[in-house]
Amino acid sequence: MDSMASPQLLRHWTRVCMLAVWVCVSTAGCRSTQPMKAVAVQQTPIAVSAAVAAAAGKTGPTATGGAAVGAVDAADSATESRRHDDEMFLADSPFRLTSAELPVETAQTLPAAAAEAAEAKVDAVSIEELKPPGGNIDPKLPNRDDAEADSADENLPMPRLLPPPLRAGDADAGLGLPLDQVVASVQSFFPLLEVAYLERDRTAGDQIAAWGEFDTKLKARTENQSLGFYENYQHGGGVYQPLYNGADVYASYRIGRGVFEPWYLERQTNEGGELKTGFNVPLLRDHDIDRRRAELWRATYDRQLAEPAIRQEVIGTIRDATLFYWEWVAAGQQYQIGKAALELAQRRNQQIQRRVEEGDLGEPDLADNRRAIIQRQGKLIDLERKLIQSAVKLSLFLRDENAMPLTPTENELAEFPPILPYDISQLEDDINYAVRNRPELVSMDLMIRRVRVDLAEAFNETKPVLDAFSNVSQDLGEPTSNKRDKSELELEIGMEFELPVQRRKGFGKMRSARAKIGQIEAKRQFTVEKISTEVQNAAAALDAAYARVEAITDAVEISEELAQIERRKFELGESDLLAVFLREQIAIEAASELMVAKLDYFIARADYTAALAYEFPVLFTPPSPPTVPAP
């Protein structure tokens, strides 16, 4: 205890504190946003020779004979032009990675040297150069604040854009079940969309896991040689912290007691043990990008890719729900037509029976009308079956607050809204809008950026390893050696160099990444053309369906008017029952065909909505009348 309180120990602690401040300042310098300059560092002759020997041992050529050397030279010359092409591609390619393009959350903390295109060829990862058309998504690189926010928000909320649907039977019988209610149910409770929403949690978890590479690590070790001539004990522990700029800092404490082998005397410490701290900074390879940051950026892009995937699933599901809704509405309208036709035949049956009793008509006429009633009853049964089946299909998308399927009732039947024309003059604007907003293109743009991370990482592997390292240590307490060789403050500064001569691994990965980018670009171009085709097809279907509805509406009015005239003539005795049946059948078929035409129109409108990447049904506005200039 006296030795711990001695002035010598206080001097040691003062030195250690000064060294800790020096390490912090050095680390802060490594994280600076100013370009790093090449600094010549010095090291003791022993440390320098060790570093050079290590580098030579890893990269030095082995003399295995002239034939082997000639084979290597031949392979190098065969790939030289290919390497040159790759280097020129990285220097001039629009896909080179710049500091503005790394997932932007990190861009503020990157060294400015990452932006030096002349020295890096691949700057780092530039998101701004490949924004999706319209810029509706702004991917960012992760930073530490975002990672902490991710870990604090593990259960991401699902979108609930509209109120939950009403219970079956609660809808206003006059208005029926609105389409917005079905869309709200889909967005809030549809199981497959819940699977898509959970993709956010999955990718957020992967991103947090990638941040784990930068976790502070606590290490401890004990090694005891309790038997034998050299009996000794070693204990130690420390803290290891990877930094975002690729550097590592550490601080440790160890103590070695006992009798050590003469060739392991460095394991021995003074009575109070040894404090040590240091850092390692990459100057070339792993300076702008390394494995840890590349994995983090890829995880960040994967998380961003979840959003367009979710949006695409939402758009497709809402389209399917819209189709089932309109089929249910059409089935309800067909059922109402069949029900009205049956009621008309039943009312006429009473009139015919009275006229038969009066002798105005014969029994065959009454039997013929009863045949028509039975026929229409059979048709109504079939229409009711179709209505029930369409309602059951719709229940997959319409759910209650407990996410259970909700089958709409007959009281909730809705009617087709007014049919409005499509303004064909806006087709070009619609195509441009779809290209800017379709989630498939957003996904492809993000995939290109993600592959550019692979490209930057591959180029990083072509750079030589040039790491600067330094550590400082101080033993505490009474010396264990008469030479007092462990009592002085020790400082070590050095550099390590390594270079793969052929660099085939890096160049091979660069070529592969470039090919992937080309593949995605080709697919993106085809997707743009496909989107344009889908919008044009949807617009053509809308225009044709509207014209068909207009034409059939006129036919329905004429058929109903003729049927009404024929019924009046039959009441006056100027027509027979067969003519009435024929006119009514024509009117019924015209009304049924009108419902089919309206269904085709709203199906085309659902396709149009999906083609433009709308998440809600499109409500057209009637065209404004042309303005007449004042006289």
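How many aromatic pairs does a search of the whole structure find? The search finds 16, where rings of Phe, Tyr and Trp (its six-membered ring) pair if their centres lie within 6.5 Å. Keep in mind that this is a predicted model, in which local features need pLDDT of at least 70 and side-chain atom pairs count only at pLDDT 80 or more, while totals for chains, interfaces and linings use all residues. Residues are numbered from 1 along each chain as its sequence is written, and side-chain values use heavy atoms, leaving out hydrogens and water.

Let's look at one pair. Phe-214 and Tyr-244 sit 5.5 Å centre to centre with 35° between the planes, which makes the pair tilted (planes under 30 degrees apart count as stacked, over 60 as edge-to-face and the rest as tilted). Both Phe-214 and Tyr-244 are buried, meaning under 20% relative accessible area.

Now find Phe-416 and Phe-602. Their ring centres are 5.3 Å apart and their planes lie at 10°, so this pair is stacked. Phe-416 and Phe-602 are buried too. Ring pairs also join Phe-416 and Phe-602 with Tyr-325, Trp-326, Trp-328 and Tyr-601 into a cluster.

Next, the helices, which are DSSP runs (H or I, at least four residues) numbered from the N terminus. The axes of helix 7 (residues 191-211) and helix 8 (residues 291-358) come within 8 Å and cross at roughly 175°; axes are lines fitted to C-alpha atoms over the stretch in contact, and angles run from 0 to 180 degrees between N-to-C directions. The two helices are therefore roughly antiparallel, a term for angles over 145 degrees.

Finally, visit helix 11 (residues 439-460). Helix 11 is mostly covered, with 19 of its 22 residues buried.

Key:
Parallel < 35°, antiparallel > 145°, perpendicular 65-115°, else oblique. Expected span 1.5 Å × (residues − 1). Buried < 20%, exposed > 50% of the residue type's maximum accessible area, 1.4 Å probe, protein only.
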